[in-house]
Amino acid sequence: MKSDLFSSEHMAQQATAPGMTLQNAKSIKYVVNGEMHARQGSMIAFRGNLQFERKGQGVGGMLKRAFTGEGLPLMAVRGQGEAWFAHEAANCFIVEMEQGDVLTINGRNVLCFDPGLAYEIKTVKGAGMAGGGLFNSVFTGAGKLGLICDGHPIVIPVTPQQPVYVDTDAVVGWSAQLSTSLHRSQSFGSMVRGGSGEAVQLMLQGEGFVIVRPSELKQEKASAN
C-alpha cells in the first residue's frame, strides 16, 4: 500500500528516551517511565502498560473551578509506555522550565507536564470579578510544560516603559513577575451607546512577556465549561 500518509512526517517512531516531544504541530508525544500529568480527556492514543487516573485539584481548586468555570482538570498517567495528547486540533508548544522559573498560564491552555513541575491555581491580582474572576495556574519547578493554543500565539515583550493591555479572553499566559490590573479603555458615553465590545483589558506592567492567542474565547466553548 502506497500513500503520502505513510511518510516519515506522519509516522510515529519508536521511543528512544523518556519525556515529552512534539509529535507534530497538533499533538505531543510523551514517553512515560513512572508518572506524568495531562489534561483530562486529552489522550488520543497510547501503547504500553499505562494507567490513567483522575487527579484532584484539592478543595480550593474545586471551589474556584465551580465558581468561575476556570480550572485545571488533570489526570495522572502512570506506568511504562508511550502516549499521545491533543485537544481539538489546537497548536501545541513545549516550554522547558528551569529551577527558579515561574510561569502563569490559563488552565484552558495546559495540555500536559512533567511531574517535576508544581502548579497552584491563583487569583489574577487586580482582575476581580469584573475581569471574569480570573484564575490562572502558576507553574514552578524544573521540567517541560506542554501548551495548546488556538492559532499561532503572539509573544509580546513587556517593559516598565511599555505596559501591555490584553483581552482577558485572548490571554494565554505571562511571566509571573509582571503585575496585573484592570484597564478600562471605553468611556462611559461609549458604553451607554452600546460600546465597542472592548471595554476592559488586563494590563501587565514590569519586565517580562505576555502570550496571547489570535482569537477570543468562543461562546459555545465558554458555555460548555
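Modeller: Let us begin with a definition: a residue is buried when its relative accessible area is under 20%, exposed when it is over 50%, and partly exposed in between. Please keep in mind that this is a predicted model.

Colleague: What makes Phe6 count as partly exposed?

Modeller: The relative accessibility of Phe6 is 40%. Phe6 lies in the segment before strand 1, which covers residues 19-24. Phe6 also belongs to a nonpolar patch on the surface, together with Met1, Leu5 and Met11. The accessible area of these residues together is about 500 Å².

Colleague: How is the protein chain as a whole described?

Modeller: The chain has three helices and 16 strands. Of its 225 residues, 41% count as buried. The chain exposes about 12,100 Å², and carbon and sulfur atoms supply 54% of that area. Among contacts between residues at least 6 apart in sequence, 77% join residues at least 24 apart.

Colleague: Why is Ser42 called buried?

Modeller: Ser42 has a relative accessibility of 1%. The cut-off for buried is under 20%, so Ser42 counts as buried. Ser42 is found in the loop between strand 2 and strand 3, the latter covering residues 43-55. Setting aside residues up to four places away in sequence, Ser42 touches Met75, Trp84, Phe85, Ala86 and Leu111.

Colleague: Which residues does Leu111 touch?

Modeller: Residues up to four places away in sequence are again not counted. Leu111 then touches Ile28, Ala38, Arg39, Ser42, Phe85, Ala86, His87, Cys92, Gly146, Leu147 and Ile148.

Colleague: Which residues of the largest nonpolar core touch the most other members?

Modeller: They are Met36, Phe85, Leu111 and Cys112, out of the 16 residues in that core. The elements giving two or more residues to this core are strand 2 (27-39), strand 4 (74-85) and strand 7 (110-113). Strand 2 gives the most, with five residues.

Colleague: How many aromatic pairs are there?

Modeller: The count comes to four aromatic pairs.

Colleague: Why is the pair of Phe46 and Phe52 called edge-to-face?

Modeller: Two values are needed here. The ring centres of Phe46 and Phe52 are 5.1 Å apart, and their planes stand at 65°. Rings pair if their centres lie within 6.5 Å, and planes over 60 degrees apart count as edge-to-face. The rings of Phe46 and Phe52 meet both conditions, so the pair is edge-to-face.

Colleague: How do you know that Phe46 and Phe52 are partly exposed?

Modeller: The relative accessible area of Phe46 is 38%, and that of Phe52 is 30%.

Another aromatic pair that is edge-to-face is formed by Phe113 and Phe139, at 5.1 Å centre to centre with 75° between the planes. This pair links distant parts of the chain, with Phe113 in strand 7 and Phe139 in strand 9 (residues 135-141), 26 residues apart. Phe113 is buried, and so is Phe139. Together with Tyr119, Phe113 and Phe139 form one aromatic cluster.

Colleague: Why are Glu88 and Ala89 called exposed?

Modeller: Glu88 has a relative accessible area of 53%, and Ala89 has a relative accessible area of 53% as well. Exposed means over 50%, so Glu88 and Ala89 count as exposed. Glu88 is in the loop between strand 4 and strand 5, the latter covering residues 91-97. Ala89 is in the loop between strand 4 and strand 5 too. Although Glu88 is not a glycine, it has a positive phi of about 50°. Ala89, also not a glycine, has a positive phi of about 55°.

Colleague: What makes Gln99 count as exposed?

Modeller: The relative accessibility of Gln99 is 66%. Exposed requires a value over 50%, and therefore Gln99 counts as exposed. Gln99 is found in the loop between strand 5 and strand 6, which covers residues 102-105. Leaving aside neighbours within four places in sequence, Gln99 is in contact with Gly141 and Ala142. The C-alpha atoms of Gln99 and Gly116 are separated by 9.8 Å, and these residues are 17 apart along the chain.

How values were computed:
Residues numbered from 1 in each chain as written. Predicted model: local features only at pLDDT ≥ 70, side-chain atom pairs only at ≥ 80, totals over all residues. Heavy atoms only, no water. Core = buried A, V, L, I, M, F, W, Y, C linked by side-chain atoms within 4.5 Å. Buried < 20%, exposed > 50% of the residue type's maximum accessible area, 1.4 Å probe, protein only. Helix = DSSP H or I, 4+ residues; strand = E, 2+ residues; numbered from the N terminus. Contact = heavy atoms within 4.5 Å. Patch = residues over 30% accessible without salt bridge, like charges linked within 9 Å, V, L, I, M, F, W, Y side chains within 5 Å. Areas by Shrake-Rupley, 256 points an atom, 1.4 Å probe, with all protein chains shown as cover. Salt bridge = Lys/Arg side-chain N within 4 Å of Asp/Glu carboxyl O. Phe/Tyr/Trp six-rings, centres within 6.5 Å; stacked < 30°, edge-to-face > 60°.
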